[in-house]
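Please read these notes with the model open beside you. Take the points one at a time and find each residue as you go.

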Amino acid sequence: MNIKRILTWAGLTAGTALALFASPAGAAGISFAPFSFSTSFTGSAPKGDIWLNSVTTTDSLTAALGTTYGSFELVSGANIIHNDSWTGGDTGAASSDRGDNASGVVLEAATNASIVASLGNLNLNNIIDTEDRGSFVIDLFFNRATDRFFFWERGMNSSLLVQALDDAGNKLAEYLLDSSTSNYAGYSIDTVEINHSQRVGAQGLWLNGARTNRLRLIANGAAFNGPDFKVVAASVPEPATIAGTVLAAGAAIAARRKRKAQAEA
């Protein structure tokens, strides 16, 4: 993140701006709970590719959900609702960024496609970079609904408002991630947008009471200090799959007991 520019709304009226960043109440009984996790990765050069292998939760909050995740849901779609216009230099807000020597996309004026290209892979050195005073509202879509999301933020000094949305776009829950309280992920990155390496922090969010395949991410000016982030989600079994597995296991146990009883008769 660089010290950027005085915030402009690029054609938005004050009323439109307020409407975009308004935050109505979420759904009753549904909330985000933060959790910590460690990151296993391959590659360590700050300017090169750094590939995510797995994550392991490091607190008791998500212990009941399973602690190690090696299968992920990636961003498969994006919809930019608002993104400060890029007119050159340090203007604009969200852009597609990568390590200087890493594979991936670099695009100052991010598009829906470039956001998917940056976030829709396991390369932790492909990120969305945000200008320090920039504002955006971006919806991200995953192929399957889930309730566990993993965030990494370069610099560990920014905020990002995360909202879970239902299929109709109604807010289920929201949480303001503060990367200054995140755990060091074990690596640093040096991307095209900056001229030195920065440490990366890791934070997780558990959507307690629901699942979704849609997140709305919001940065709102200088107070958020330009979050530079990567996000993936955990692949979790569908409830019907879990129920079917439990039923199948129960049937197998019952069959074994029946055979044992017949043998002993």
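1. Start with Thr191. Its relative accessibility is 0%, so Thr191 counts as buried. Buried here means under 20% relative accessible area. Keep in mind that this is a predicted model.

2. Where does Thr191 sit in the chain? Thr191 is in the loop between strand E13 (183–189) and strand E14 (198–208).

3. Now look at what surrounds this threonine. The side chain of Thr191 makes a polar contact with the side chain of Asp97, at 2.5 Å. Asp97 is also on the contact list of Thr191, which leaves aside neighbours within four places in sequence.

4. Next, the rings. A pair of aromatic rings is described by the distance of the centres and the angle of the planes. How many aromatic pairs does the model have? The count comes to nine. One of the pairs is Phe136 with Phe229: the centres are 6.2 Å apart, the planes are at 35°, and the pair is tilted.

5. Phe136 is in strand E9 (residues 135–146), and Phe229 is in strand E16 (residues 229–234). They are 93 residues apart, so the pair links distant parts of the chain. Phe136 is buried, with a relative accessible area of 0%. Phe229 counts as buried too, at 3%.

6. Turn to Phe142 and Phe149. Their ring centres are 5.7 Å apart and their planes are at 55°, so this pair is tilted. An angle over 60 degrees would count as edge-to-face. Phe142 is buried at 2% relative accessibility, and Phe149 is buried at 0%.

7. Phe35, Phe37, Tyr69, Phe72, Phe150 and Trp152 form one cluster. Arg199 lies over the face of Tyr184, at 3.7 Å from the ring centre.

8. Finish with the nonpolar cores. The largest has 34 residues. Phe32, Leu140, Phe151, Val162, Leu215 and Leu217 have the most contacts inside this core. Strand E9 gives the most to the core, with five residues. Leu140 touches residues including Val75, Ile115, Leu119, Leu215, Leu217 and Val231, not counting those up to four places away in sequence.

Conventions
Residues numbered from 1 in each chain as written. Predicted model: local features only at pLDDT ≥ 70, side-chain atom pairs only at ≥ 80, totals over all residues. Heavy atoms only, no water. Helix = DSSP H or I, 4+ residues; strand = E, 2+ residues; numbered from the N terminus. Buried < 20%, exposed > 50% of the residue type's maximum accessible area, 1.4 Å probe, protein only. Polar contact = N/O pair within 3.5 Å; in protein donor to acceptor, adjacent residues only side chain to side chain. Contact = heavy atoms within 4.5 Å. Phe/Tyr/Trp six-rings, centres within 6.5 Å; stacked < 30°, edge-to-face > 60°. Lys NZ or Arg CZ within 6 Å of the ring centre and 35° of its normal. Core = buried A, V, L, I, M, F, W, Y, C linked by side-chain atoms within 4.5 Å.
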